[in-house]
Structure formats: structure tokens, C-alpha cells
Amino acid sequence: MYSKSTFRCWPKPASCEDVHTALASGLLNPRDFVVKVATLCWLSVIEPNEGWDEQGKLGVDWIPYADFIRRALSPAFVNTDDAVRYAQTRLGTSGRSIYGGLLLRRVDGLFVATEPLPVPTENFDPKWIFPDEDVPLEQLAPGMTIVARYRSRRDTQPGFLLEGSELQLRDGQKTPSAFVWQLLSVASMSVIQNSAQWGNAQTLRRGWLPGNSFTAPQSVAYAAADRAMGPVFDHADDAARHAHEQAGERSELMLMFGFLLKSAKGQWAASMPVNAEGLLFPLSRVFLRGQVPVGFTVAGLYLCAPAIDTANYLHRRRQACCPE
């Protein structure tokens, strides 16, 4: 399946058997059809793209996706939510163009995302990312399975609007919360990235309201959904180093912590830092019901010290928790 382009054919080629039927049945492959047309007439590409990369008249040696570049992939993550969070950081701010990509499951059970590329519509065909009919398998993602798509939205629409219901929402016939309730009656919805509009990461329930009781994720006492996890690394130090980089500006009073997890295959990942309560570091503050991801065990704890002298801070906290 070639991506759409603009081309012209002059003069009109001689009629032949039902080309659409032959292409659909596999009796005629797309490249052979294009080459056949190119031999019968002047077939010219006006607007080139990845599939039609030759501008001007096509020759009989034309090859689709001749200069195809293998898609860049994200680091590997333990679950799809973390891969989506990574992809979101790569999308940047909204604009007039739509960007999208795919979420993939590797043979080892980890998840990666393709880096975002321009796509024609929000409901884009995955073959815009992986044109598997015309590109050698080794140039795609062999051994990986497509599990989902992600994409940006044009900045002309609020983030909670979906196609087909925009007019009702704009005309005031339906509120955003009523629309979400309607969706929840036929499907499940989950917030995976905390925001003031959508609230904390959680599975949404009927009665949801925008911006209701939002609390910064690192300050929530108990996890309502699994916290964000960093990428998978081969060494514990790399996982911990990445987590510390995500802590941002350090408070002068708040100690933060997270857990280092190790898989049975020797891979390491770290949960993102959350605020500590005194010197207590409960699993339930990081993981839903205190349960770590399947296939991983807790192998360590890391601390993000406040922006003061650490020894004095720990001494004061110890006195507050356990006075002499």
C-alpha cells in the first residue's frame, strides 16, 4: 500500500482487465502495475513522498520506498502507559499538523513506541508508519506486534473533543463531562498522565468531572494507578540515574524516594520519585495496592535528598519520628 501522492498519466493508457480485482486478489502486485502503466504512458510524480520518492517521470526501474529509513524506536518500557508517556513528550505542542506513531510489543514482553511522524488524519492507517507490503521486513520491526496507535491533535480542538461530537459540545448541547460519561457507558477510559484538567492517573468512573480534586502525583498518599516507570536498563545505576534526572527541582523540605526493580532476565527499571512521609517508604505509595509489575521484584530503594544538608535533614526527621 503506497502512501498517497500526486501524479499524472498522459496519454490515457489502454484499457485492461479489472485492475482493482487483480490487485486485491494478489494476481498483480502494486509495483508491477505501476511499471506497466509507466511503459504505456508518461507517468509523472508531481508531489513526491516516501513511497513515490522520484519526482518527474517514472521509469521501469522504479522501486517503491527506495529510500525508506527505518523507524526510530523509543527506549523499552515495562508497560504501554509508560511508552505512551514517552511518546507524549516527543509530540511537543499542538499545531496545525498531526503527528502519530505506533506502540509495539517486543518478543520479551517490553513495549516501545515509534518516534512521531506526520500522518494525514487522526485515524491514520498503521501502514503510514510501517508500509509492510513494500519494505523489506528487516527495515521494519521484525518480531514486534502492533498494540496501539498514538497521535497528536490539531490546536483548533480542545483535548477532550472527539470527532463526531465536536458540534454538540461547541453548541452547548452536551458538556465535556456528559460526553465522557456517555463514553464510559460503552467503554473503559483511563487517565495515564496526570493533569489539572483530567485529574490524577486513574480509571475513570461515571461522575467524573474535569479538574476535580487534582493533586500533584508525587504528593498522593496512595497510588490510584501504577506510577510512571522509567525505561528498562541493563544496570541498576543507569535506572537510578534516570530517576534522579526526572526529580526536577528539589524542595528544601521534602525527601523523595522510589524503588529499583529487577526482572528475572536481569533488567532494571525505576519508579518515578514520590514524596516520602517522614522516613516511611511504603510500596502502596508507588504501586496500586502495593503490587509491583509482573515479572519484577523490588531490588533497591533510591532517595532524592532535599536541597539542604542531607545529614542534618535526616537527623531532624529521625528526631521527629523517634524522639530520644
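Start by selecting R90: this arginine is partly exposed, with a relative accessible area of 47% (buried is under 20% relative accessible area, exposed is over 50%, and partly exposed is in between, using a 1.4 Å probe and protein chains only). You're in a predicted model, where local features need pLDDT of at least 70, side-chain atom pairs count only at pLDDT 80 or more, and totals for chains, interfaces and linings use all residues. Residues are numbered from 1 along each chain as its sequence is written, and side-chain values use heavy atoms, leaving out hydrogens and water.

E115 sits in the loop between strand 5 (111-113) and strand 6 (117-119) and R90 in helix 3, so the pair ties together parts 25 residues apart in sequence (helices are DSSP runs of H or I, at least four residues, and strands are runs of E, at least two, numbered from the N terminus). E115 itself is buried, at 16%.

Next, stay in helix 3 (residues 80-91) and pick R85 and D82, 3 residues apart, about one turn of the helix. Their side chains meet in a salt bridge at 2.6 Å, N to O. R85 is buried at 12%, and D82 is buried at 2%.

Last stop: E122 and R151, whose side chains form a salt bridge at 3.5 Å, N to O. E122 lies in the loop between strand 6 and strand 7 (145-151) and R151 in strand 7, so this pair links parts 29 residues apart in sequence. E122 is buried at 9%, while R151 is partly exposed at 29%.

Conventions. Salt bridge = Lys/Arg side-chain N within 4 Å of Asp/Glu carboxyl O.
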